[in-house]
Amino acid sequence: MMENKLDGNAAAGTLQAIFPFEMTLVQATCAGCGTTNALGATAAYMHGMGTIVRCPVCDTELIRVAHVKGRYFLDMRGVRVLQISAEA
Amino acid sequence: MERRTLPGRLTWQRGEVVATEQETARAQSITLALPTWMGHRAGQHVDVRLTAEDGYQAERSYSIASPPEEQPRVTLTVERLDDGEVSPYLTDELRVGDKLELRGPIGGYFVWEASMGGPLLLVAGGSGIVPLMAMLRHRAAVGSTVATRLLYSSRSYADIIYRDELERLDEADQMLEVVHTLTRVQPPGWTDYHRRIDTDMLREVAWPSDQHPLMYICGPTPFVETAAASLVTLGHEPARIKTERFGPTGEA
């Protein structure tokens with residue numbers, strides 16, 4: 001399946017089906033390089049199997065999310081800290 | 001800015017198609033009535049889900065073209081991609097009265113509302129105009145006088161989405177300037193640009209960096225990356241440049 005580079009805005013619908021927050025403004029600190037970026041400013045790669053959100057600075061995989069047979073699989077090992085505003 | 005209630009987890013909702021309009025040979029606007037719509041802001045998008053008879057589902061993101069002021073009606077503009085799984089159905093098969101399943105609004109990052117001020121620079125490539133049009137329509141609907149420039153790249157005159165409406169908005173508003181570039185074919189007597197967007201073009205059209213404009217770029221990934229890099233080269237703060245990309249099969 002072709003890899004399709006978009007940005008974190010494109011991954012937001014899936015993430016917001018899991019988290020009850022506006023996800024493009026959520027700040028993620030990269031476990032690879034330590035920079036903090038809004039998810040809306042990250043790079044997202046949409047595959048047939050799911051979505052990979054990468055750090056815009058060092059390309060580390062921040063979040064991998066797949067939705068298979070009614071179950072979400074969420075791998076967030078690339079995120080050191082996720083800052084979510086509770087007053088979106 | 002007023003305090004907003006938490007959006008909550010997104011769920012799918014069904015809307016009824018109440019109008020369709022052919023914008024160009026490839027782009028179609030679809031207006032939906034959404035009884036449970038919670039309201040949106042200009043620049044946000046929705047995910048559309050189609051379900052085949054065998055249960056196979058395909059989801060794509062589409063930008064909202066209509067301003068918040070028209071809710072609970074929401075208009076999407078969809079560009080037909082010949083090898084797409086979703087867009088040919090939306091542009092060719094969908095009829096008034098049909099139901100469509102979607103979730104949204106999505107995104108708070110690529111959003112502009114009049115209270116955020118300006119000056120405002122909007123840079124659109126092809127159907128990347130759609131979320132920027134929601135911003136221009138919102139700006140007009142609330143009577144905003146925020147100084148605004150739109151640089152819009154299309155392949156040809158016939159490919160310019162919302163061409164007549166943009167011309168009307170441009171003529172009616174001293175504070176709005178619409179500049180086109182046509183990258184492949186230009187009609188006789190064309191006086192706007194006729195090449196791909198580059199740093200020289202943005203130097204001429206964009207606000208000087210010392211005016212600290214808010215900048216929104218939407219288009220195919222290479223277009224967005226070129227425009228954003230050019231604006232940074234011209235001295236603009238990266239944090240004031242918001243981008244939204246769509247890929248060749250992303251159908252955003």
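**Figure 1. The six-stranded sheet of chain B in the predicted model.** In chain B, 6 strands form an open sheet whose order is E4-E3-E6-E1-E2-E5, with antiparallel pairing. Strand E4 (57-63) and strand E5 (73-79) of chain B stand at the edges; each has a single partner strand, so one side of each lacks a neighbour in the sheet. On average, neighbouring strands of this sheet are turned by 40 degrees against each other, direction ignored.

**Figure 2. Pairing of strands E1 and E6 of chain B, with helix H1 of chain A packed on the sheet.** Strand E1 (residues 13-22) and strand E6 (residues 99-106) of chain B pair in the antiparallel sense over 4 bridges. Within this pairing, B:Arg14 stands opposite B:Glu101 in E6(B). Helix H1 (residues 8-18) of chain A packs on the sheet and touches strand E3 (45-51), E4 and E6 of chain B. The direction of helix H1 of chain A makes about 100 degrees with that of E6(B).

**Figure 3. The three-stranded sheet of chain A.** Strand E3 (36-38) and strand E8 (79-83) of chain A are the edge strands, each pairing on one side only. Neighbouring strands of this sheet are turned by 25 degrees against each other on average, direction ignored. Strand E2 (residues 27-30) of chain A pairs with E8(A) in the antiparallel sense over 4 bridges. A:Gln27 has A:Gln83 as its bridge partner in E8(A).

**Figure 4. The two domains of chain B and the contact between them.** The domain assignment divides chain B into domain 1 (13-106) and domain 2 (114-246). The C-alpha centres of these two domains of chain B lie 24 Å apart. To the contact, domain 1 of chain B contributes 16 residues and domain 2 of chain B contributes 13 residues. The side of domain 1 of chain B that touches domain 2 of chain B comprises 7 nonpolar, 6 polar and 3 charged residues.

**Figure 5. The largest nonpolar core, with the surroundings of B:Leu122.** This core has 74 residues, and B:Leu122 and B:Leu132 are those with the most contacts inside it. Helix H2 (residues 129-141) of chain B gives the most to the core, with 7 residues. At least three residues of the core come from each of domain 1 (13-106) and domain 2 (114-246) of chain B. Not counting residues up to four places away in sequence, B:Leu122 touches B:Leu132, B:Met135, B:Thr148, B:Leu150 and B:Tyr216.

Definitions and conventions
Residues numbered from 1 in each chain as written. Chains lettered and ligands numbered in written order. Predicted model: local features only at pLDDT ≥ 70, side-chain atom pairs only at ≥ 80, totals over all residues. Domains from an automatic or database assignment. Contact = placed C-beta atoms within 7 Å. Nonpolar A, V, L, I, M, F, W, Y, C, P; charged D, E, K, R; others polar. Core = buried A, V, L, I, M, F, W, Y, C linked by C-beta atoms within 7 Å. Buried ≥ 20, exposed ≤ 12 C-beta atoms within 10 Å, placed from the backbone. Helix = DSSP H or I, 4+ residues; strand = E, 2+ residues; numbered from the N terminus. Pairing = 2+ DSSP bridges. Axes fitted to C-alpha atoms, helices over the stretch in contact; angles between N-to-C directions.
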